[in-house]
Amino acid sequence: MPLSATNISFNYPKGPLILDAVDCTIKPAAITAIVGPNGAGKSTLLRLLAGLSSPHTGTIEIDQTPLNSLTPTQRATKLAYIAQRSALAFDFDVKLVVSFGRLALKKDPAAIDRALERFDLTHLANTPLGTLSVGQQQRVSLARAWAQLDDPLNSPPNAYLLADEPTSAMDPKHQLHTMHALEQLASTGVGIALVAHDLTLAARYADRAILLNTQGQIQTQGPINQVLTPKTLTQVFDTPFISGQIQGHPVLLPLTTTTAAPQS
Ligand code: ADP
Ligand code: MG
């Protein structure tokens with residue numbers, strides 16, 4: 001059963017319309033990339049899908065149940081969210097931050113250890129979060145969400161992971177490691193939505209995509225190879241794209257900007 005948004009509109013107080021009558025679906029057992037230009041509303045959409053803000057019109061449903069009718073504990077078993085920037089106090093150590101993933105759930109120290117291991121953090125377990133690089137902090141956020149969704153009683157997992165640019169500051173090895181981990185999580189049944197600017201990484205690992213335009217509308221959504229095409233990307237990003245394949249992997253390359261540089 002999907003996580004679905006139907007006819008949602010949203011604006012910040014006194015601000016312009018950010019999302020305009022958006023319909024979209026995050027499917028279970030698949031990775032959906034949410035892509036679009038800066039300011040298009042990707043993070044806003046993800047927060048709405050996570051139930052952290054409410055749309056002004058429309059509904060968000062998980063398994064056909066309105067998100068706002070779930071208790072916090074029910075929601076914690078079904079939805080893990082990773083923000084673009086962590087808002088946590090930086091002197092907490094890594095293991096404590098990962099354990100926050102299970103605050104609303106049954107205590108499970110082994111789940112925390114598994115999550116640390118999965119994201120190559122065991123050696124950093126006692127390190128304060130604030131002393132880590134941003135890429136390492138992103139691994140901690142993923143481990144927290146991983147620990148939250150690690151529940152043998154919810155098998156196959158009827159759950160969603162919503163992650164806002166989760167690999168943006170990682171080195172290539174950890175980016176691939178993370179995307180493999182997410183692929184594996186999706187193969188167990190978890191539905192994953194991730195906001196991504198690395199279109200080549202998205203094209204390689206995501207099954208589906210939602211492309212938002214600067215008018216706060218969905219330009220197109222569906223199977224990844226039908227959404228991330230040079231034609232749609234060129235329209236939405238106002239920059240020509242070409243696509244190709246290297247060793248069987250899709251590559252999407254922005255060529256140049258169509259907007260002339262300001263004349264001095
Ligand atoms: P994206 O993630 O696609 O870059 P966002 O969803 O973060 O875009 O933001 C969409 C628009 O909403 C931007 O114009 C941004 O300035 C505005 N916005 C985001 N958060 C807030 C906020 N808390 N208050 C007011 N405006 C905001
Ligand atoms: Mg954003």
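**A friendly note on the sheet and the magnesium site**

1. Start with the sheet: six strands make up an open sheet with mixed pairing, and their order across it is 6-7-8-3-9-10. Strand 6 and strand 10 (218-223) are its edges, since each of them pairs on one side only. Please keep in mind that this is a predicted model.

2. How are neighbouring strands turned against each other? On average, and with direction ignored, the angle between neighbours in this sheet is 10 degrees. As background, strands of a sheet pair through backbone hydrogen bonds, either parallel or antiparallel.

3. For a closer look at one pair, find strand 7 (residues 160-164) and strand 8 (residues 191-195): they run parallel and are joined by five bridges. Within this pair, A163 stands opposite L194 of strand 8.

4. Next, find helix 9 (residues 230-237), which packs on the sheet and touches strand 9 (208-212) as well as strand 10. The direction of helix 9 makes about 30 degrees with that of strand 9.

5. Now turn to the magnesium ion (ligand 2). Which atoms coordinate the magnesium ion? They are OG of S43 and OE1 of Q84, at 2.1 to 2.6 Å. S43 belongs to helix 1 (residues 42-49), while Q84 sits in the loop between strand 6 (79-82) and helix 3 (94-99), so the two residues tie together parts that are 41 residues apart in sequence.

6. Finally, check how open these two residues are. S43 has a relative accessible area of 24%, which makes this residue partly exposed. Q84 is also partly exposed, with 33% relative accessibility.

How values were computed:
Residues are numbered from 1 along each chain as its sequence is written. Chains are lettered from A and ligands numbered from 1 in the order in which they are written. This is a predicted model: local features need pLDDT of at least 70, side-chain atom pairs count only at pLDDT 80 or more; totals for chains, interfaces and linings use all residues. Side-chain values use heavy atoms; hydrogens and water are left out. Donors are N, O and S atoms within 2.8 Å of the metal (3.2 Å for Na, K and Ca); water is not among the atoms, so sites may look incomplete. Helices (H or I, at least four residues) and strands (E, at least two) are DSSP runs, numbered from the N terminus. Buried means under 20% relative accessible area, exposed over 50%, partly exposed in between (1.4 Å probe, protein chains only). Two strands pair if DSSP finds at least two bridges between them. Axes are lines fitted to C-alpha atoms, for helices over the stretch in contact, and angles run from 0 to 180 degrees between N-to-C directions. Contact means heavy atoms within 4.5 Å.
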